[in-house]
Amino acid sequence: MNIKNTMIRLVLLCMATLGLDAPAGTATNPIIYADVPDLAVIRVGDTYYMSSTTMHMSPGLPIMKSPDLVNWRIVSYAYDTLDDVDALNLAGGKNSYGRGSWASSLRYHNGVFYATTFSGTTGKTYVYQTRDIEHGPWQSTAFRPALHDHSLFFDDDGRVYMVNGAGDIRLTELTPDVTGIKPGGFNQIIITNASAVAGPNLGLRAEGSQMRKINGKYYLFNITWPRGGMRTAIVHRADRITGPYEGRVALMDQGVAQGGLIDTPQGDWYAYLFQDHGAVGRVPYLVPVHWVDGWPVLGDHGQVPAALNLPASTGPSPGIVASDEFDRQPGEAALPLVWQWNHNPDNHLWSVTQRPGFLRLTTGRVDADFLSARNTLTQRTFGPECSATTALDVSHIKDGDFAGLALLQKNYGIVGVLADGGTNFIAMQLGSASLPARVARVPLAQTTVFLSAVCDFKNRADKAGFFYSLDGRSWQPIGSQLKMLYTLPHFMGYRFGLFNFATKNPGGYVDFDFFRLGNTLR
């Protein structure tokens, strides 16, 4: 790290300590104020790529691209659907909330990009390969078992491994083509009780492995959570990949922890980590790194800086989230990459071409509630404040149907049109997987209505409100405030969603005219 950058970071740290704003042109933490957890980052030349976890969402394993480590845009997904099973299809009374695919690994080796993940839903490890990370196609293979929180690693001698496990960290050798575990290959624990370096009060066992080889040494990053403490980043190093390893705490500040190392073409080093940030989800932080006696030292005097000497962020829109008028030009994708379905969609039941300029959602079955409904189309919420607005045409809704705008998590809130007994109502509902829904409703005498949801994540307020309008100009609140809670059963930050589900008879459809995001409250 050069002296200039060190001095700039010291100035920024002092400003943050005094409560002063960062100067224009500097990046601020969190780098992305949205749910981008379990991130894995690589650099190819002067371009950075990042993968992340989106679990039960489809398509999945998003690939993001950045020129500067700060401003990211989604350029691809490693898979359209992880697997074809009831839990991923929201079928047979099963779901994959909080599961699906978890922490991924991202690598570039001999001209090939590798994105790998694992699934507790299917018990498999998945390997995706491509020579064109932005356009594909991706070659997919899968094998058992599911190697937990693994880090794919290509060693200099041509051997291929996955570092994996929780608590006891294991090294599992793969076949040279990365399509399975190598018969007779190395498959042993290389670090016993990796959490021990953070102290004896074990809470969360060490997991989230990320391996790098730097200047001939192997560096393994993990996360642990000492009981009564906070999420903590730890690092082990060794001269051989099989060990022995020595370890230490790498960072214990603000719960910023899981992730790994990345270097710039100029020779600067950073750790890309994330923090549990309430209902908005797990948000990425960038932490400067310098080297002392062959160890990476994270932070400014052990603290995560509020600002860094990197380009300022332009915000998550339009690279991570984006408005959508549903107006497609010839050759354009049906859905921009910012969209993901809640579980695998039924592609026969949605369209942006049946009525050009609109998203049509058609019901294909009867569902008991919103969380059971298939074909809910989602985007991330984002902080510190955000809103989403849509216009809905319900000319062809059926009795018992409920369609509209959602905030999706285990404790959800939805606003939309409910058809009940021959009358349409503007309805707002709070519900969860375990509690009865609470509904407020107002009769609707026209076929088009405007809907809005607003989220306040400032200082972890984590509250949301819902609104409707009959003309798109004059807005009225409806129902109760939603207290947003990040819950482990869903394990994901809140998402905006467009939905339509039937409770009596399938076959009705609704048309969404647009989806527009804002970064302030109404």
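**Notes on the strands, rings and pocket**

1. Let's begin with a hairpin. Strand β33 and strand β34 (residues 463–469) run antiparallel and are joined by 7 bridges. Within this pairing, serine 452 stands opposite phenylalanine 467 in β34. The hairpin has 6 residues between its strands, and asparagine 459 takes a positive phi near 50° there. Please keep in mind throughout that this is a predicted model.

2. β33 has another partner to look at. β28 is joined to β33 by 9 bridges, and the two run antiparallel. Here glutamate 385 is the residue opposite aspartate 456 in β33. How many of the 9 residues of strand β33 are buried? The count is 8, so strand β33 (residues 448–456) is mostly covered, given that buried means under 20% relative accessible area.

3. Next, follow the chain from β28 to β29. Glycine 400 lies in the loop between β28 (385–396) and β29 (401–408). Is glycine 400 buried or exposed? With a relative accessible area of 5%, glycine 400 is buried.

4. Now trace an open sheet. It is formed by 8 strands in the order β4-β24-β27-β37-β29-β30-β31-β32, with antiparallel pairing. Which strands stand at the edges? They are β4 (57–58) and β32 (438–444); each has a single partner strand, so one side of each is left without a neighbour in the sheet. For a close look at one pairing, take strand β31 (residues 423–431), which is joined to β32 by 7 antiparallel bridges. Methionine 428 stands opposite alanine 440 in β32.

5. The aromatic rings deserve a tour. The structure holds 22 aromatic pairs. In one of them, the ring centres of tyrosine 108 and phenylalanine 113 are 4.5 Å apart and the planes meet at 45°, so the pair is tilted. How do the two residues compare in accessibility? Tyrosine 108 counts as partly exposed at 40% relative accessibility, whereas phenylalanine 113, at 6%, counts as buried. Elsewhere, one aromatic cluster is formed by Phe370, Phe402, Tyr412, Phe499 and Phe501.

6. The charged end of arginine 248 sits over the ring of tryptophan 295, at 4.1 Å from the ring centre. Likewise, arginine 282 has its charged end over the ring of phenylalanine 491, 4.4 Å from the centre.

7. Let's turn to the largest pocket. It contains about 600 Å³ of space. Its lining has 32 residues, and the closest to its centre are Ile42, Leu106, Arg107, Met211 and Arg212. The strands β2 (40–44), β7 (105–109), β11 (151–154), β15 (204–214) and β19 (259–263) each supply at least two residues of the lining. Which strand gives the most to the lining? That is β15, with 6 residues. By kind, the lining divides into 13 nonpolar, 10 polar and 9 charged residues.

8. Finally, check some backbone details. Most residues other than glycine have a negative phi, and most peptide bonds are trans. Serine 58 and proline 59 are joined by a cis peptide bond with omega of about 0°, and proline 59 is in the loop between β4 and β5 (60–66). The peptide bond from glycine 136 to proline 137 is also cis, with omega near 5°; proline 137 is in the loop between β9 (124–130) and β10 (139–143).

9. Methionine 55 is not a glycine, yet its phi is positive at about 50°. Methionine 55 is in the loop between β3 (47–51) and β4, and it is buried, with a relative accessible area of 3%. Leucine 61, also not a glycine, has a positive phi of about 55°. Leucine 61 belongs to strand β5 and counts as buried at 1% relative accessibility.

Notes:
Residues are numbered from 1 along each chain as its sequence is written. This is a predicted model: local features need pLDDT of at least 70, side-chain atom pairs count only at pLDDT 80 or more; totals for chains, interfaces and linings use all residues. Side-chain values use heavy atoms; hydrogens and water are left out. Rings of Phe, Tyr and Trp (its six-membered ring) pair if their centres lie within 6.5 Å; planes under 30 degrees apart count as stacked, over 60 as edge-to-face and the rest as tilted. Buried means under 20% relative accessible area, exposed over 50%, partly exposed in between (1.4 Å probe, protein chains only). A charge sits over a ring if NZ of Lys or CZ of Arg is within 6 Å of the ring centre and within 35 degrees of the ring normal. Two strands pair if DSSP finds at least two bridges between them. Helices (H or I, at least four residues) and strands (E, at least two) are DSSP runs, numbered from the N terminus. On a 1 Å grid over the protein atoms alone, a cavity is a set of points where a 1.4 Å probe fits but cannot get out, and a pocket is an open set with protein on both sides within 12 Å along at least five of seven lines; lining residues have an atom within 4 Å of a point. Grid points are joined across faces, edges and corners, and a volume is the space filled by probe spheres set on the points. Ala, Val, Leu, Ile, Met, Phe, Trp, Tyr, Cys and Pro count as nonpolar, Asp, Glu, Lys and Arg as charged, and the others, Gly among them, as polar.
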